[in-house]
Amino acid sequence: LGTRALPACTRPRRGGGLDPAPDGCPRTRKARHTVNTPAPPPVDPGPNGSTAVERLGLTRDQVVQEFGYDSDVDDELRFAVEDLCGAEMEDEDYTGGADAVLLWFRDGDGDLGDALVDMVGVLDDGGFVVLLTPKASGEEVDASDIDEAAVTAGLHPAGTFNASTQWRAHKLVAPKAPAKR
């Protein structure tokens, strides 16, 4: 009575705790072959409005083109983007190059991979995509779908955070070109 089973190949220490396994005992090993799948970036609760826009990396005089606008978008976030950049966002009909793209995308809006490929086509060198997805259940976009679509478009996640109470922002960037020697 009052004794407890010890893990195999361990001995109790006099001062408490357990001594390491003695020679001759099998040792556990970590798996050598693991899949190197990048974890999605952490979701930071993030603030609302202009501070959220600053976290996206937008700066004054950047051209920002907006896609997926509908009545459910966050106007406070939109106005903060325009205030920070110093101009109204360009709409889907704009044909010039953009420094950044805001894409409001809901589950059921179509194929996200195709949409991101289209977004890459309007970006200038060094530009990035801000994918905005709803937080509401039933309309949210699965994180694995975002990762798969980003890879399809040649992009990778550079951060995810709550852009507002209703929307989550996913910053997607093109890989940096290797340095020339």
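Modeller: A definition to begin with: contact means heavy atoms within 4.5 Å. Helices and strands are DSSP runs, numbered from the N terminus. Bear in mind that this is a predicted model.

Biologist: What does the secondary structure of the protein come to?

Modeller: Four helices and eight strands. Along the sequence the pattern reads β-β-β-α-β-α-β-α-β-α-β-β.

Biologist: How much of the protein is buried?

Modeller: Buried residues are 34% of the 181 residues. The cut-off for that word is under 20% relative accessible area. The protein exposes about 11,800 Å², and carbon and sulfur atoms supply 49% of that area.

Biologist: What share of the contacts with a separation of 6 or more comes from residues 24 or more positions apart?

Modeller: They account for 69% of those contacts.

Biologist: Which residues of helix 3 are buried, and what covers them?

Modeller: In helix 3, residues 112–122, the buried ones are L112, G113, A115, L116, M119 and V122. Their cover includes strand 4 (64–67), strand 5 (98–104) and strand 6 (123–134). Helix 4 (143–152) and strand 8 (167–173) are also among the covering elements. An α-helix has 3.6 residues a turn, so residues three or four places apart point the same way.

Biologist: What makes D111 a cap for helix 3?

Modeller: A side-chain oxygen of D111 lies 3.1 Å from the backbone nitrogen of G113, at the N-terminal end of the helix. The limit for a polar contact between N or O atoms is 3.5 Å, so a distance of 3.1 Å passes.

Biologist: Why is the pair of W104 and W167 called edge-to-face?

Modeller: It is the one aromatic pair in the structure. The ring centres of W104 and W167 are 4.8 Å apart and the planes stand at 80 degrees, so the pair is edge-to-face. The cut-offs are 6.5 Å for the centres and over 60 degrees for the planes.

Biologist: Which parts of the sequence does that pair tie together?

Modeller: W104 is in strand 5 and W167 in strand 8, so the parts tied together are 63 residues apart in sequence. Both W104 and W167 are buried.

Biologist: How do you know that strand 5 is largely enclosed?

Modeller: Six of its seven residues are buried, so the rest of the structure largely encloses strand 5. Strand 5 pairs with strand 4 in the parallel sense, over four bridges. There, F67 has L103 of strand 5 as its bridge partner.

Biologist: Strand 4 also holds Q65. Is Q65 buried or exposed?

Modeller: Buried: the relative accessible area of Q65 is 0%, and the cut-off is under 20%. A polar atom of the Q65 side chain lies 3.2 Å from the backbone oxygen of Y94. Beyond four places in sequence, the contacts of Q65 include E90, Y94, A100, L102 and V122.

Biologist: What can be said of strand 8 on the same test?

Modeller: Six of the seven residues of strand 8 are buried, so it too is largely enclosed by the rest of the structure. Strand 8 pairs with strand 6 in the antiparallel sense over seven bridges, and V129 stands opposite L172.

Biologist: How do strand 7 and strand 8 pair?

Modeller: Strand 7, residues 156–162, pairs with strand 8 in the antiparallel sense over six bridges. H156 stands opposite V173.

Biologist: What makes L155 count as buried?

Modeller: Its relative accessibility is 6%, against a cut-off of under 20%. L155 lies in the loop between helix 4 and strand 7. Among its contacts beyond four places in sequence are V120, V129, A150 and L172. L155 and P175 are 20 residues apart in sequence, yet their C-alpha atoms are 6.5 Å apart.

Biologist: Is D61 buried or exposed?

Modeller: Exposed: D61 has 65% relative accessibility, and the cut-off is over 50%. D61 sits in the loop between helix 1 (49–55) and strand 4. Its phi is near 70 degrees, a positive value in a residue other than glycine.

Biologist: Which ring does the charged end of K171 sit over?

Modeller: The ring of F128, at 4.3 Å from its centre. R55 lies over the face of F161, with 4.3 Å to the ring centre. The distance limit for a charge over a ring is 6 Å.

Conventions: Residues numbered from 1 in each chain as written. Heavy atoms only, no water. Buried < 20%, exposed > 50% of the residue type's maximum accessible area, 1.4 Å probe, protein only. Helix = DSSP H or I, 4+ residues; strand = E, 2+ residues; numbered from the N terminus. Polar contact = N/O pair within 3.5 Å; in protein donor to acceptor, adjacent residues only side chain to side chain. Phe/Tyr/Trp six-rings, centres within 6.5 Å; stacked < 30°, edge-to-face > 60°. Lys NZ or Arg CZ within 6 Å of the ring centre and 35° of its normal. Areas by Shrake-Rupley, 256 points an atom, 1.4 Å probe, with all protein chains shown as cover. Pairing = 2+ DSSP bridges.
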